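Here is a friendly briefing to read alongside the sequence and the 3D view.

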Amino acid sequence: MTLALLDCPTGLAGNMLLAALLDLGVPPAVVHAPLADLGLAGTYALEISERRSGGLRGLHLEVVDQDADPPARTWQSLRRTLLAAPWPEALRARVLSVFELLAEAEASVHGHAPEQVHFHEVGALDALVDVVGVCAALLHLGISRLECTPPPAGHGTVATAHGLLPLPAPAVLEIARCHGIPLASAAGFPAGELTTPTGLALMAAWAENFGLPPAHRPRQVGIGLGSRQLDRPNLLRLVLADPVEGPGASPGPSQGEQELGPAVETVLEQQAQIDDATPEDLAVLQEALRQAGALEVFCTPIQMKKGRPGWLVTALAHPVMAASLRGVWWQHSTSLGLRERSQPRWVLPRRQRLLPTPLGEVPIKQALLPDGRWRSKPEHDALVGLARSHNLSIEQVRAVVEEALRSPCDQGQPGAIEEAR
């Protein structure tokens with residue numbers, strides 16, 4: 001499990017994120033290749049330099065537009081371009097979700113349909129480079145979970161294509177409002193923009209939590225520098241880390257965790273009835289939907305008109321993934337229509353950990369029950385892998401894991417109380 005922690009004490013911008021990722025050692029080719037697939041090779045340059053801000057080193061990145069006559073794009077035309085790009089589905093889904101967030105926020109604050117948002121509102125070439133580059137780099141690093149501290153948004157005014165706008169930027173406020181993102185105070189900062197719409201949209205699409213980081217062991221730190229001179233280092237820090245287990249971890253649910261309870265969130269349900277696809281084709285559709293960001297996909301046998309057997313295919317996802325998942329349905333299914341509805345979903349607080357056992361470490365999923373107990377369940381694929389490597393049965397491996405969960409060394413560890421059934 002690769003945990004990424006983003007600390008943004010002086011704000012959040014796409015170019016700072018991309019600089020931090022390159023500082024972590026992501027090859028520039030990872031950024032350039034998907035942009036070349038869009039036909040953007042030669043239209044931009046990345047000016048990357050190692051600098052110091054407030055005495056601390058880091059990488060500074062600026063996207064330089066080399067196109068003398070850049071084309072005007074609406075979100076509708078840009079979306080068609082992104083859907084046609086020869087990219088892996090995971091990259092396409094992430095990039096589409098970020099731009100859809102931006103387009104919906106801009107459309108809301110300007111009072112028109114998202115499809116009519118002009119590309120300069122979503123962000124010009126630099127935003128396209130930042131979004132595609134950051135998403136490609138995070139996927140390259142194999143990030144399984146990303147958490148972010150609340151960024152300060154800034155105060156004062158900012159010059160835009162629409163003239164002077166108040167800060168925080170209207171699109172920043174809209175993204176934060178729609179997705180429940182906390183914004184830190186900008187008290188003590190000089191007037192100016194600290195968090196950009198592009199930067200916040202990237203984290204809205206990637207971060208699973210905005211708050212203090214969990215216990216962790218840092219492995220690698222990437223520093224991205226901002227351009228403004230402040231009275232403190234103007235930077236963000238992207239930390240690759242391992243979750244802390246064992247003695248360094250919390251001995252059990254903290255008072256704050258005990259006060260947590262089931263929380264309600266909104267999920268998107270997409271459904272289609274299909275009676276003219278082979279089982280193999282349905283399997284391809286389900287896997288493509290999962291790869292594109294669906295939380296879950298499942299099939300239910302049904303009887304359709306003329307007594308034909310068919311399947312009701314259902315995908316659950318976060319609402320921001322709606323547009324990118326529709327593209328998967330059209331590409332991989334035979335359905336001529338797709339139903340969508342939003343539903344409330346109650347979820348328990350959850351997290352993951354690695355459980356040491358005599359056979360090796362086993363990833364454990366945990367859920368915090370309303371009575372303060374942690375319920376734990378080992379990842380089945382990990383049990384299968386250990387069974388093969390030690391020439392044991394699944395039952396034997398599971399018994400070893402259950403014993404490790406009950407052992408005195410593990411008592412008091414979060415999630416060591418009982419196994420999920």
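Arginine 308 is partly exposed, at a relative accessible area of 32%; buried means under 20%, exposed over 50% and partly exposed in between, with a 1.4 Å probe and protein chains only. This is a predicted model, in which local features need pLDDT of at least 70 and side-chain atom pairs count only at pLDDT 80 or more, while totals for chains, interfaces and linings use all residues. Residues are numbered from 1 along each chain as its sequence is written, and side-chain values use heavy atoms, with hydrogens and water left out.

**Salt bridges**

- Side chains of opposite charge can pair when their charged atoms come close.
- The structure holds 17 salt bridges, each a side-chain nitrogen of Lys or Arg within 4 Å of a carboxyl oxygen of Asp or Glu.
- Arginine 308 pairs with aspartate 275, and their closest N and O atoms are 3.0 Å apart.
- Aspartate 275 sits in the loop between β11 and α10, and arginine 308 in the loop between β12 and β13, so the bridge ties together parts 33 residues apart in sequence. (Helices, H or I of at least four residues, and strands, E of at least two, are DSSP runs numbered from the N terminus.)
- Aspartate 275 is also partly exposed, with a relative accessible area of 26%.
- Another bridge joins arginine 290 to glutamate 296, with 3.6 Å between the closest N and O atoms.
- Lysine 365 and glutamate 379 form a salt bridge too, at 3.8 Å between the closest N and O atoms. Lysine 365 is in strand β16 (residues 362-368), and glutamate 379 is in the loop between β17 (374-378) and α12 (380-390), 14 residues apart.
- Asp23, Glu50 and Arg57 are linked in a network of salt bridges.

**Helix α10**

- Helix α10 covers residues 279-291, which makes 13 residues. From first C-alpha to last it reaches 18 Å, close to the 18 Å expected at 1.5 Å a residue; the expected span is 1.5 Å times one less than the number of residues.
- Which residues of α10 are buried? They are Leu282, Leu285, Gln286, Ala288 and Leu289.
- Seen down the axis, these buried residues fall within an arc of 165°, so they line one face of α10. The arc is taken from the directions from the helix axis to the C-beta atoms.
- The cover over them includes β11 (263-274), β12 (296-303), β13 (309-317) and α11 (322-332).
- Glutamine 286 counts as buried at 15% relative accessibility. Leaving out residues up to four places away in sequence, glutamine 286 touches Val297, Phe298 and Cys299, where contact means heavy atoms within 4.5 Å.
- Just after α10, glycine 293 takes a positive phi of about 115°.

**Nonpolar cores**

- In soluble globular proteins, nonpolar side chains tend to be buried together.
- A nonpolar core is a set of buried Ala, Val, Leu, Ile, Met, Phe, Trp, Tyr and Cys residues joined through side-chain atoms within 4.5 Å.
- The largest core has 93 residues, and Leu82, Val95, Phe99, Met203 and Leu289 touch the most other members. Its largest share, 11 residues, comes from helix α4 (residues 89-110).
- A second, separate core of 12 residues includes Leu355, Leu383, Val401 and Ala404.

**Cysteines**

- How many disulfides does a search of the whole structure find? It finds zero, taking a disulfide as a pair of cysteine sulfur atoms within 2.5 Å.
- For cysteine 135, the nearest cysteine sulfur is that of cysteine 148, 14 Å away.
- The sulfur of cysteine 148 is 3.8 Å from that of cysteine 8, its closest, which is too far for a bond.
- Cysteine 135 is buried at a relative accessible area of 0%, and cysteine 148 is buried at 0%.
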